[in-house]
Amino acid sequence: MKFIIQAGGIFGALAVALGAFGAHALKGMLEASGRMDTFETAVKYQFYHALAMVLVGLLLQRAGEDAIKLLAWSGHAFIFGVIIFSGSLYAICFTGITKFGATAPIGGLLLIVGWILLVMAAGKL
């Protein structure tokens, strides 16, 4: 529970910092490379799922035994999904190597799995 909330907080803080950095310091580079939309997508998905991690962590506090495993798996799916999905998009933006995009669907799938597990856990709360 604590780890998932902390991860959400860290990812949220990083999303705000990266979003501001991208909008100001990196704006010219991102626009010149045509990667501004890619960068914004990475930041948005990271921030949305940071909030989801905090929600999952809070739900873990009140969950019964049946829901705890599903919530824990959900939180971890969000963590790894953000790292892989947003991380691959950031890698494309900073390196220009588009092959990093091949891993984005894996991260996206983990994010979807995280939401499905959250729905399943909610049925057991």
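## Overall architecture

Of the contacts in the protein chain with a separation of 6 or more, 77% join residues 24 or more positions apart; contact means heavy atoms within 4.5 Å. This is a predicted model, in which local features need pLDDT of at least 70 and side-chain atom pairs count only at pLDDT 80 or more, while totals for chains, interfaces and linings use all residues. Residues are numbered from 1 along each chain as its sequence is written, and side-chain values use heavy atoms, with hydrogens and water left out.

The protein chain has 5 helices and 0 strands, and its pattern along the sequence is α-α-α-α-α. Helices (H or I, at least four residues) and strands (E, at least two) are DSSP runs, numbered from the N terminus. Along the principal axes, the C-alpha atoms of the protein chain fill a box of roughly 50 × 25 × 15 Å.

## Burial and surface

Of the 125 residues in the protein chain, 40% are buried. Buried means under 20% relative accessible area, exposed over 50%, and partly exposed in between (1.4 Å probe, protein chains only). The protein chain exposes about 6900 Å², and carbon and sulfur atoms supply 70% of that area. Accessible areas come from the Shrake-Rupley method with a 1.4 Å probe; for residues, only the protein chains shown count as cover.

A nonpolar patch on the surface is formed by Val16, Tyr45, Phe47, Tyr48 and Leu51, which together have about 480 Å² of accessible area. Patches are made of residues with over 30% relative accessible area and no salt bridge, with like charges joined within 9 Å and nonpolar side chains (Val, Leu, Ile, Met, Phe, Trp, Tyr) within 5 Å. A salt bridge is a side-chain nitrogen of Lys or Arg within 4 Å of a carboxyl oxygen of Asp or Glu. Helix H3 (residues 36–62) gives the most to the nonpolar patch, with 4 residues; Leu51 is found in H3.

## Helix H1

Helix H1 (residues 2–23) has 22 residues and reaches 31 Å from its first C-alpha to its last, close to the 32 Å expected at 1.5 Å a residue. The expected span is 1.5 Å times one less than the number of residues in the helix.

Ile4, Ala7, Gly8, Phe11, Gly12, Ala15 and Gly22 are the buried residues of H1. They lie on the same side of H1 because they cover an arc of only 135 degrees around the axis, the arc being that of the directions from the helix axis to the C-beta atoms. Helix H2 (27–33), H3 and H4 are among the elements that cover these buried residues of H1. On the face of H1 turned away from its buried side are the exposed residues Lys2 and Val16.

Ser88 counts as buried because its relative accessibility is 4%, and Ser86 counts as buried because its relative accessibility is 1%. Not counting residues up to four places away in sequence, Ser88 touches Ile83, Phe100, Thr103 and Ala104. With neighbours within four places in sequence left aside, Ser86 is in contact with Ala42, Tyr45, Gln46 and Gly81. Ser86 and Ile68 are 18 residues apart in sequence and 26 Å apart in space, C-alpha to C-alpha.

Lys99 lies in the loop between H4 and helix H5 (104–122). At 72% relative accessibility, Lys99 counts as exposed.

## Helix H5

H5 has 19 residues and reaches 27 Å from its first C-alpha to its last, close to the 27 Å expected at 1.5 Å a residue. Its buried residues are Ala104, Gly107, Gly108, Leu111, Gly114, Leu117, Leu118 and Ala121. What covers the buried residues of H5 includes H3 and H4.

Leu111, found in H5, is buried with a relative accessible area of 4%. Leaving aside neighbours within four places in sequence, Leu111 is in contact with Tyr45, His49, Ala77, Phe78, Gly81, Val82 and Phe85. The C-alpha atoms of Leu111 and Ser74 are separated by 8.5 Å, and these residues are 37 residues apart along the chain. Ala121, also placed in H5, counts as buried at 0% relative accessibility. Ala121 touches Ala67, Leu70 and Leu71, not counting residues up to four places away in sequence. Ala121 and Asp66 are 55 residues apart along the chain, and their C-alpha atoms are separated by 7.7 Å.
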